[in-house]
Amino acid sequence: MFWHMSGFSAASAVETILDKENFTLEELLDEDEIIQECKAHNGRLVSFLRERAQVKQLIRYIMEEAPEDANKQFSFKLPFVACEIFTCEVDIILKTLVEDEELMDLLFSFLDPERPHSTLLAGYFSKVFVCLLLRKTTPLMNYIQAHQDIITKLVDLIGITSIMEVLIRLIGVDEHIYANCADSMQWFEDMNVLEMIVDKFSSSDCPGVHANAAETLCTIARYASAGLASKTSSPSFIGKLFRHALEDSRPKSVLVNSLSVCISLLDPRRLTSGMYYMYNRQTSQGSGITANPETVEGILESLGELLKLLDFSSEDRVLLTSYGKLQPPLGKHRLKIIEFISVLVAVSSEVAEKELIRLSALKRILELFFEYPYNNFLHHHVEQIVISCLESKNCQLVEHLLSECNLIGMILESERNFTLTVDATKPTICAEGKSPPRIGNIGYVTRLANKIVQLGNSNREIQTFLQENGDWVDWQTNVLLKRNAVENVFHWVCGRPSTLQDRTRDSDDDDYQDRDYDVAALANNLSQAFQYGNYTSDVTSEDVFFDDKSAEVVVSSLPLEDDQETSGSHFTKSDWSAFEDERIVNEHSTNNGGPDNVVEDLEDDTAMSELPESSPTSDGNNVPSQVSKDLTEIESTGSHNLIANSANISDDEAQSPIIPNDEAVVSADTCKTDGVGSTDSTLASQSAEVGEKNEDLEK
């Protein structure tokens, strides 16, 4: 190691401790450099830590609670450092552990029911276990197969998130771990581990246990081996799951988490929040989902009992809100049932669609949509249900939604009565003494109406149904079309980014040069602002950050020129420049000069940044933009000379004719010599060139 080389650095503190005749493990663990030395495979240190007595003491640190009167060193630092030594993955230390059955017994004694299981120590145990699973897979699995009660103990402690992670990794979510241990995968498939996890829904009343059990089953359904995944899709497994969920004596957390498992079984690509996966907002719709027919069959057996729960809320209390009160609230379990129905409809199973029609599930769901006008979670799932039904190839389902469920009538009714009604019989009640607020689902109603119109263009049955409804035709013509025109953000002019027109472009891939503002102009104009002294000098030129209500612009490595003469004109052709005082040369006088005369602003001490593409002439015609371009070239190269020479005009020559707008006609012949005695002919030559071009263009 670098610090072991003589002449470069002093010996480490760990080496100093190892040089002692009598030192303890606690002294080493208390040293800050021990983890770094262990990762660097310090030979003397590793030889000491590989000893059985030291490994045993390290295990005790990560599994035994510190005494109540212990200081922070024993309570926090020693367990943490002991865990990190194991996770440094020093092979010789891990080999000492896995090859000694007594040490393995000591490690897994942490799972005994009589021991305390703090979340801190459970996390340390989880890290050591996963390290052994990755580096010493075969000896670890041999030990677990010889002690099958370990699986039962892990399931009993599934309410602890760290233990749940151990169980998920062990069951086979990471198949590459068991690439050389096919018998281990088969051993898990032959066990009843899934049944043990499902039984936690009935044996425990803790919502945390239910949530972790459901997350474990969802992960197995998505990522485990085909053998375990097929077991979760069997009708017997789903039937057992629904029996626990529909028990009246069980808490509603059992129902909510059981439905999460069913959603994962129907659509494995639909990811929910959890430890190993995140919520994917781009959920599948329509016929893109393909579910196992056995899974759908098992679900339909209990669908009728499940839909009955939509008529009852688990919340008997009154929930006060800013607009009034909810009596009763929708509740988590009813929201979860509707989410489950949205996935079931998206499966496009003809058997499931017939069952939903028979049970009138869609009608009840639409009623809840309008009964709770401020629940956006509910509105989102109902929108997915309606879209899936309208896009279905089952004409009977589409007809049921439009006719029997009266979708069009409900939309028109909500448009006529767009404020919250004062009706004590409805669950959403307006506050007394206040004017009824506007209902909050009009946006979703508009989207549904537009979707119906869109699908009607390609579906003759939908189109015929809409044309036969006169109220719908009037509302679509007089309200919907006007609303779409107003709410179409792509047609907004006031400050809307022009890149919104390109809907296919990913905003993360946009190059800043392609945006609707000129970053180069921004840099130059800001540079000019710094030169004018509008900002303090302590602002560096490396990064300038703009934070606006509508946009954030970051300009890196912004050049702020300090020498105005070498930078030329700092202004560019930007229509929105904040520091630009634009002076436009709009006329070339034909009465007071010829090719040797040019109009110059004597009051402006900076170069003009932009000229119009055409200038009006004395005969009313427009001079082409080439003249303006030539004038711009003159100003960008010789503006300082113009300003400097204008100050040297003699008193008698200063009586040149004055034209409006405080502009003076300056003749090139009247320019005086400069300080060194040489005549400045730049103005004369450039003015003559522009005048000649101007006359040619006028002809």
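## Gln54 and its contacts

Gln54 touches Leu25, Phe48 and Leu49, when neighbours within four places in sequence are left aside. The structure is a predicted model. In this model Gln54 is part of helix 5, which covers residues 52-63. The relative accessible area of Gln54 is 13%. Because buried means under 20%, Gln54 is classed as buried.

## The chain as a whole

The chain has 699 residues, and 45% of them count as buried. Its secondary structure consists of 34 helices and 10 strands.

Taking the contacts between residues at least 6 apart in sequence, 68% join residues at least 24 apart.

## Helix 12 and helix 16

Two packed helices are described by the angle between their axes and the distance between the axes. Helix 12 spans residues 161-171 and helix 16 spans residues 207-223. These two helices pack at an angle of about 20°, and their axes are 10 Å apart. Angles under 35 degrees count as roughly parallel, so helix 12 and helix 16 are roughly parallel to each other. Their crossing is right-handed.

On the side of helix 12, the residues in contact are Thr161, Met164, Leu167, Ile168 and Ile171. They meet Asn212, Glu215, Thr216, Thr219 and Ile220 of helix 16. The residues of this contact between helix 12 and helix 16 comprise five nonpolar, four polar and one charged.

Where does Ser204 lie? Ser204 is in the loop between helix 15 (200-203) and helix 16. Ser204 has a relative accessibility of 14% and therefore counts as buried. When residues up to four places away in sequence are not counted, Ser204 touches Val209, His210 and Arg250.

Ser204 can also be compared with Gly159 by position. The two residues are 45 residues apart in sequence, and the distance from C-alpha to C-alpha is 9.7 Å.

## Helix 18 and helix 20

Helix 18 is made of residues 235-245, and helix 20 is made of residues 293-300. The angle at which they pack is about 30°, with the axes 8 Å apart. Because of this angle, helix 18 is roughly parallel to helix 20. Helix 18 passes helix 20 in a right-handed crossing.

Which residues of helix 18 meet helix 20? They are Pro235, Ile238 and Phe242, and their partners in helix 20 are Glu294, Thr295, Gly298 and Ile299. By class, the residues of the contact of helix 18 with helix 20 are four nonpolar, two polar and one charged.

## Helix 25 and helix 26

Helix 25 (residues 376-390) and helix 26 (residues 395-404) cross at roughly 130°, and their axes come within 8 Å. Helix 25 is therefore oblique to helix 26.

From helix 25, Val386, Cys389 and Leu390 take part in the contact. From helix 26, the residues are Leu397, Val398, Leu401 and Leu402. The contact of helix 25 with helix 26 has seven nonpolar residues, no polar residues and no charged residues.

## Backbone details in loops

Phi of Asn406 is near 55°, which is a positive value in a residue other than glycine. Is Asn406 buried or partly exposed? Its relative accessibility is 39%, so Asn406 counts as partly exposed.

His41 also has a positive phi, near 60°, and is a residue other than glycine. His41 is in the loop between helix 3 (34-39) and helix 4 (43-49). A further backbone detail concerns Gln327 and Pro328, which are joined by a cis peptide bond with omega about 0°. Pro328 is in the loop between strand 2 (324-326) and helix 22 (332-346).

Key
Residues numbered from 1 in each chain as written. Predicted model: local features only at pLDDT ≥ 70, side-chain atom pairs only at ≥ 80, totals over all residues. Heavy atoms only, no water. Axes fitted to C-alpha atoms, helices over the stretch in contact; angles between N-to-C directions. Helix = DSSP H or I, 4+ residues; strand = E, 2+ residues; numbered from the N terminus. Parallel < 35°, antiparallel > 145°, perpendicular 65-115°, else oblique. Left-handed = near helix turned anticlockwise from the far one by under 90°. Contact = heavy atoms within 4.5 Å. Nonpolar A, V, L, I, M, F, W, Y, C, P; charged D, E, K, R; others polar. Buried < 20%, exposed > 50% of the residue type's maximum accessible area, 1.4 Å probe, protein only.
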